Amino acid sequence: MRRLYISLQLLMCIAFRSHSQDIHFSQYPYSPLNLSPAATGVFDGDVRVNALYRQQWNSVTVPYKTMGLSYDQVIGSVNENGSRNAAGIVINSDRAGDGNFATLQAMLSFARLFALNNDSIHFISGGIQAGITYRSLDISQLTFDNQFTGDVFNPMAPVNETFERDNFIYPDVNAGFGWMGIFNNTTANTGISFQHLLQPDQSFLSAQKKLPVRMQLNAGVWLKRDDALSFYPSALWMTQQEFQELVFGMEIKFNAQNKSIRKRAISLGLHYRMDDAFIPSAAVYFDQWRFGISYDINTSGLKTASNGKGGPEFNLTYIIKKIHYTAAKNNCPVY
């Protein structure tokens, strides 16, 4: 089946590692609105902007290019115990393979963070996202098995395939819940989210193919050893129909300065996507900015073709903090 086989296998089999055709990032803690709607507004500040760029499989085929941009902010006043409302928007773009399989997504997000007690130790959050997704495919760039006669390729041969459409738009809704606890030098968080609650039709063919609901479980703990050193072990597990993905690892942060808004540090991290890739990473924190880079080292069965080259990913985070909260323990994790 030649190139069709390669293209579709990459779109489907690699998509197994990519949340079953869903957009994903290796630096998942720094894509909070993709992680869960409940993460909207859960950070130490008033306004947060996250940008990510990912390129993958350059050594195998036409590289997969994924971009994500999110903005969220606190809405209204923050209660003394830390409770707050927040809203935001996330925009994702992805382009993959010879057929320029493209996804463009825009989602509005709203969340509420509740303090479970007056001393601001335990918090729960709930959030919802709603928006639209546009998908397209350049069918003219694909080749099919019956265009090959022996070792000869005839581009004029009929493909005997019927595509009902080459682009479409569908509505989408996500929901999520989270918990956060702040204890002395430890900040822990965990959450669950459900993506594609409407299960929209995503097929380019005449037969309907619903996009299955994806469930995500995430957890992380910031462990502060002293003013100079902290650790962030974290994990993310996803399941979508018969597909599953598990990513886990740790980031170690070396603080050079951690006073007021002058938070300057570097961090090193290593994560592992089960049966797929090791993900080393590094980041620089400079006041309200964070710049991070990671690289997927492919370990799956595709490594023979990829030579272990997954791809780089870049993250840029900017946080504006206008308000100094009166609650002394209100230190939400900075994603």
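Modeller: Strands here are DSSP runs of E with at least two residues, and they are numbered from the N terminus. That places proline 158 in the loop between strand 7 (152–153) and strand 8. Keep in mind that this is a predicted model.

Colleague: Is proline 158 buried or exposed?

Modeller: Exposed. Its relative accessible area is 57%, and the cut-off for exposed is over 50%.

Colleague: How far is proline 158 from glutamine 147, C-alpha to C-alpha?

Modeller: 7.0 Å in space. In sequence the two are 11 residues apart.

Colleague: Back up a bit. How many helices and strands does the chain have?

Modeller: Three helices and 16 strands. The chain has 335 residues, and 49% of them are buried. Its accessible surface is about 15,900 Å². Carbon and sulfur atoms account for 61% of that surface.

Colleague: What share of the contacts is between residues 24 or more positions apart?

Modeller: 58%, counting contacts with a separation of 6 or more.

Colleague: And confidence? What is the mean pLDDT?

Modeller: It is 84. Also, 84% of the residues reach 70 or more.

Colleague: Where does pLDDT stay under 50?

Modeller: Residues 1–20 are one such stretch. The model gives that stretch 48 contacts beyond four places in sequence. Residues 325–329 also stay under 50, with 14 such contacts.

Colleague: On to the strands. Which strands does strand 1 pair with?

Modeller: Strand 1 (residues 47–56) runs antiparallel to strand 16 (residues 309–320), with eight bridges joining them. There, valine 49 stands opposite tyrosine 318. Strand 1 also runs antiparallel to strand 2 (residues 64–75), this time over 10 bridges. Alanine 51 faces leucine 69 across that pairing.

Colleague: What about side chains along a strand?

Modeller: In a regular strand they alternate between the two faces of the sheet.

Colleague: Now strand 8. What does strand 8 pair with?

Modeller: Strand 8 (residues 167–183) pairs with strand 5 (residues 122–136) in the antiparallel sense, over 15 bridges. Glycine 127 has glycine 176 of strand 8 as its bridge partner. Strand 9 (residues 186–195) is also antiparallel to strand 8, through nine bridges. In that pairing, glycine 178 is bridged to glycine 191 of strand 9.

Colleague: How many residues sit between strand 8 and strand 9 in the hairpin?

Modeller: Two. Asparagine 184 in this hairpin takes a positive phi near 50 degrees.

Colleague: What is histidine 196 in contact with, beyond four places in sequence?

Modeller: Asp22, Asp172, Val173, Asn174, Leu211, Pro212, Val213, Arg214 and Gln240.

Colleague: Let's talk core. Which residues make up the largest nonpolar core?

Modeller: Eight residues: Phe101, Leu137, Leu142, Phe144, Phe168, Tyr170, Phe204 and Leu211. Ring pairs link Phe101, Phe168, Tyr170 and Phe204 into a cluster.

Colleague: What does tyrosine 170 touch, leaving out residues up to four places away?

Modeller: Gly131, Ile132, Thr133, Arg135, Pro200, Asp201 and Leu211.

Colleague: How many aromatic pairs does the structure hold?

Modeller: Eight. One of them joins phenylalanine 101 and phenylalanine 204 edge-to-face, 6.0 Å centre to centre and 75 degrees between the planes. Phenylalanine 101 is in strand 4 (residues 101–115) and phenylalanine 204 is in the loop between strand 9 and strand 10, so the pair ties together parts 103 residues apart in sequence.

Colleague: Are phenylalanine 101 and phenylalanine 204 buried or exposed?

Modeller: Phenylalanine 101 is buried at 12% relative accessibility. Phenylalanine 204 is buried at 10%.

Colleague: Why is the pair of phenylalanine 248 and tyrosine 272 edge-to-face?

Modeller: Because the planes of phenylalanine 248 and tyrosine 272 are at 75 degrees, and over 60 counts as edge-to-face. The ring centres are 6.0 Å apart. Phenylalanine 248 is in strand 12 (residues 243–259) and tyrosine 272 is in strand 13 (residues 262–273), 24 residues apart.

Colleague: And how do phenylalanine 248 and tyrosine 272 stand for accessible area?

Modeller: Phenylalanine 248 is partly exposed, at 36%. Tyrosine 272 is buried, at 19%.

Definitions and conventions. Residues are numbered from 1 along each chain as its sequence is written. This is a predicted model: local features need pLDDT of at least 70, side-chain atom pairs count only at pLDDT 80 or more; totals for chains, interfaces and linings use all residues. Side-chain values use heavy atoms; hydrogens and water are left out. Helices (H or I, at least four residues) and strands (E, at least two) are DSSP runs, numbered from the N terminus. Buried means under 20% relative accessible area, exposed over 50%, partly exposed in between (1.4 Å probe, protein chains only). Contact means heavy atoms within 4.5 Å. Accessible areas come from the Shrake-Rupley method with a 1.4 Å probe; for residues, only the protein chains shown count as cover. A nonpolar core is a set of buried Ala, Val, Leu, Ile, Met, Phe, Trp, Tyr and Cys residues joined through side-chain atoms within 4.5 Å. Two strands pair if DSSP finds at least two bridges between them. pLDDT is the predictor's confidence in each residue, from 0 to 100. Rings of Phe, Tyr and Trp (its six-membered ring) pair if their centres lie within 6.5 Å; planes under 30 degrees apart count as stacked, over 60 as edge-to-face and the rest as tilted.
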